[in-house]
Structures are given as structure tokens and as C-alpha cells.
Amino acid sequence: MAGITQDWEPVVIRKKAPTAAARKDEKAVNAARRAGAEIETIRKSTAGSNKAASSSTSLNTRKLDEDTENLAHEKVPTELKKAIMQGRMDKKLTQAQLAQIINEKPQIIQEYESGKAIPNQQIITKLERALGVKLRGKK
């Protein structure tokens, strides 16, 4: 037993070093702040913005800026609005009832009668059949 000696030096067992993604994790950064470790922050010059794409005006951008044409959707003509309303009143239908007959939402009938809708030939055809009125071809 005389040959056995005891080593009283402390043995430190450490975990594997964190990966790059784990070091950037918010929890890891907060833990490092609490421990008083040094934290390096780098600000990227164009991070979170689209400066690179908008810094130079392209040929297409300039054409769009110089374009003076007024673009707007085609609206329902006044004659069509009045014809739909008159046909619906003649049949004594509400907007909701007419919408149900043509399998559309009541909002669509409202938009057509107020002139805010973009004309759709399929819907106009359904309205013609339901109301028994010719809505197209009067131009």
C-alpha cells in the first residue's frame, strides 16, 4: 500500500464549446451579459433594408416615373347599373335574392349597382338570364 498516492488537484470537466448559431442565440447573449463576458456586436451596413436594390434607378423605373398615362380599372357603365336595378325591381327581388339566384355574393350585386365593380362577362350573362333582360349590346 505504500505505492498508492492520492492526487488532490481539481479536475475540471467542460462542455463542448457552443456552435456559432448557439452563440448568436438571444438566450446565450443574455447569459453572457449576466456573466459579464465581452460581447461583440457588428452592424451590417445594408441589413434589413433594400438599399442595394433601390440605390440606382433602372431604365424601367425611369419609364414608370415619366409615364403620365392615367391607368384605372374599367367600371360598370351607368346604363348597365340602371338596367340591372330596373330588372331587379321589375322582378321584385332584393339584392340578396338576386345574388342567391345567380350563385354570387350579395356584395357583388351591390358593387354592380353602385358602379364600383369591374365588369365580368360571366356575371353579366348570369344577370341577363336571371332578370330576363338584355344588358349587353346596347353600346
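Helix α5 (residues 78–90) and helix α7 (residues 106–114) have axes that come within 7 Å and cross at roughly 125 degrees. This is a predicted model, in which local features need pLDDT of at least 70 and side-chain atom pairs count only at pLDDT 80 or more, while totals for chains, interfaces and linings use all residues. Residues are numbered from 1 along each chain as its sequence is written, and side-chain values use heavy atoms, with hydrogens and water left out.

- Axes are lines fitted to C-alpha atoms, for helices over the stretch in contact, and angles between N-to-C directions run from 0 to 180 degrees.
- The helices α5 and α7 are therefore oblique to each other; angles under 35 degrees count as roughly parallel, over 145 as roughly antiparallel, 65 to 115 as roughly perpendicular and the rest as oblique.
- On the α5 side the contact (heavy atoms within 4.5 Å) is made by K81, I84, M85 and R88, and on the α7 side by Y112, E113 and S114.
- Sorted by class, the contact of α5 with α7 has 3 nonpolar, 1 polar and 3 charged residues. Ala, Val, Leu, Ile, Met, Phe, Trp, Tyr, Cys and Pro count as nonpolar, Asp, Glu, Lys and Arg as charged, and the others, Gly among them, as polar.

**E113 in α7**

- E113 is placed in helix α7 and counts as buried because its relative accessibility is 7%; buried means under 20% relative accessible area, exposed over 50%, and partly exposed in between (1.4 Å probe, protein chains only).
- Apart from neighbours within four places in sequence, E113 is in contact with K81, I84, M85, R88 and Q95.
- E113 and K82 are 31 residues apart in sequence, and their C-alpha atoms are 7.2 Å apart in space.

**R88 in α5**

- R88 lies in helix α5 and is buried, with a relative accessible area of 8%.
- A polar atom of the R88 side chain lies 3.0 Å from the backbone oxygen of L93.
- Neighbours within four places in sequence aside, R88 is in contact with L93, T94, Q95, L98, E113 and L131.

**The chain as a whole**

- The chain has 8 helices and 0 strands; helices (H or I, at least four residues) and strands (E, at least two) are DSSP runs, numbered from the N terminus.
- Of its 139 residues, 17% count as buried.
- Among contacts between residues at least 6 apart in sequence, 49% join residues at least 24 apart.
- The accessible surface of the chain comes to about 12,500 Å², and 51% of this belongs to carbon and sulfur atoms; such areas come from the Shrake-Rupley method with a 1.4 Å probe, and for residues only the protein chains shown count as cover.

Conventions: A polar contact is a pair of N or O atoms within 3.5 Å; within protein, one must be able to donate a hydrogen and the other to accept it, and residues adjacent in sequence count only if both atoms are side-chain atoms.
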